[in-house]
Amino acid sequence: MVDSRPGFSRRRMLRTLITAPFAWALAEHLHRVGEAVAAEARHAAIERGTASGVTPECGDGDEPTPRQTAGPFFTPDSPERTSLIERGVAGTRIVLTGRVFGRGCTPLAGALLDFWHADGDGAYDNEGYRCRGHQFADAEGRYRLVTVVPGVYPGRTRHFHVRVQPRGGRVLTTQLYFPDEPRNRRDGLFRPELLLAVDGARTPLAARFHFVLETG
Ligand code: FE
């Protein structure tokens, strides 16, 4: 039997079935590229504002970094260190850098940053301090952390956890995410404002994130 409905043909249906996955993959790819570009633009804008000095405009467009749950794996009293690389920590190395600002782009010297994350295999060390450490931002609010890319674990996309606290101020607890991660769209906690700007062309990988706190 020949289907004579206008606009219908088996060939057309076949073509649709074949091209649909490619269209989905393309849309997914464009979405991820968009995420990465947006993260890069946001960080670059903050840097431009800072480079030109502290201006009222600098802080106007920069919303405070969103808060997120600490999750169940935070351990207090982590060691003070800027590298989490040690025996038994395997994975892709990554250097995370950035600055801590108050509103109005004021660098928050001496701000405390306490990082914790799953190791390269997606496991947290809940007995010790593997992949856990705190540090203090320098006089310009800069921080630098050398670690490994966290592995994924069931139910979550790839992420770092961090608590950031200005001297004598309120703690910001949040999480940082990676661009180009298929799980970002399925993770209910994921927020594009918390995307790292990652330079994957460098070895080790270079990632950047500037925190904007409600103080300052
Ligand atoms: Fe986690």
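In the predicted model, the side chain of His134 reaches the backbone oxygen of Ser78 at 2.8 Å, a polar contact being defined as a pair of N or O atoms within 3.5 Å, of which, within protein, one must be able to donate a hydrogen and the other to accept it, with residues adjacent in sequence counted only if both atoms are side-chain atoms. Because the model is predicted, local features need pLDDT of at least 70 and side-chain atom pairs count only at pLDDT 80 or more, whereas totals for chains, interfaces and linings use all residues. Residues are numbered from 1 along each chain as its sequence is written, and side-chain values use heavy atoms, with hydrogens and water left out.

His134 is found in strand β3, where helices (H or I, at least four residues) and strands (E, at least two) are DSSP runs numbered from the N terminus. With a relative accessible area of 16%, His134 is buried; the term buried applies under 20% relative accessible area, exposed over 50%, and partly exposed in between (1.4 Å probe, protein chains only). Not counting residues up to four places away in sequence, His134 touches Ser78, Pro79, Glu80, Arg81, Leu112, Leu113 and Asp114, contact meaning heavy atoms within 4.5 Å. Strand β3 comprises residues 132-136, and four of these five residues are buried, so the strand is largely enclosed by the rest of the structure. It runs antiparallel to strand β2 (residues 112-116), to which five bridges join it, two strands being taken to pair if DSSP finds at least two bridges between them. Within this pairing, Phe115 stands opposite Gly133 of β3.

The iron ion is coordinated by Tyr124 (OH), Tyr153 (OH), His159 (NE2) and His161 (NE2), at 1.9 to 2.2 Å. Donors are here N, O and S atoms within 2.8 Å of the metal (3.2 Å for Na, K and Ca), and since water is not among the atoms, sites may look incomplete. In sequence, the donor residues of the iron ion are spaced Y-x28-Y-x5-H-x1-H. The four donor atoms subtend angles of 91 to 156° around the iron ion, which makes the arrangement irregular; four donors count as tetrahedral if all angles lie between 85 and 135 degrees, four count as square planar and six as octahedral if opposite donors are over 155 degrees apart and all others between 65 and 115, and anything else is irregular.

Thr157 is found in the loop between β4 (142-148) and β5 (159-165), and its relative accessible area of 1% places it among the buried residues. The side chains of Thr157 and Asn184 are joined by a polar contact of 2.8 Å. Residues touched by Thr157, not counting those up to four places away in sequence, include Val152, Tyr177 and Asp187. Leu196, in the loop between β6 (172-177) and β7 (197-199), is buried with a relative accessible area of 0%. The C-alpha atoms of Leu196 and Pro179 are separated by 6.9 Å, although the two residues lie 17 residues apart along the chain.

The protein chain as a whole has two helices and nine strands, and of its 216 residues 43% count as buried. Among contacts between residues at least 6 apart in sequence, 73% join residues at least 24 apart.
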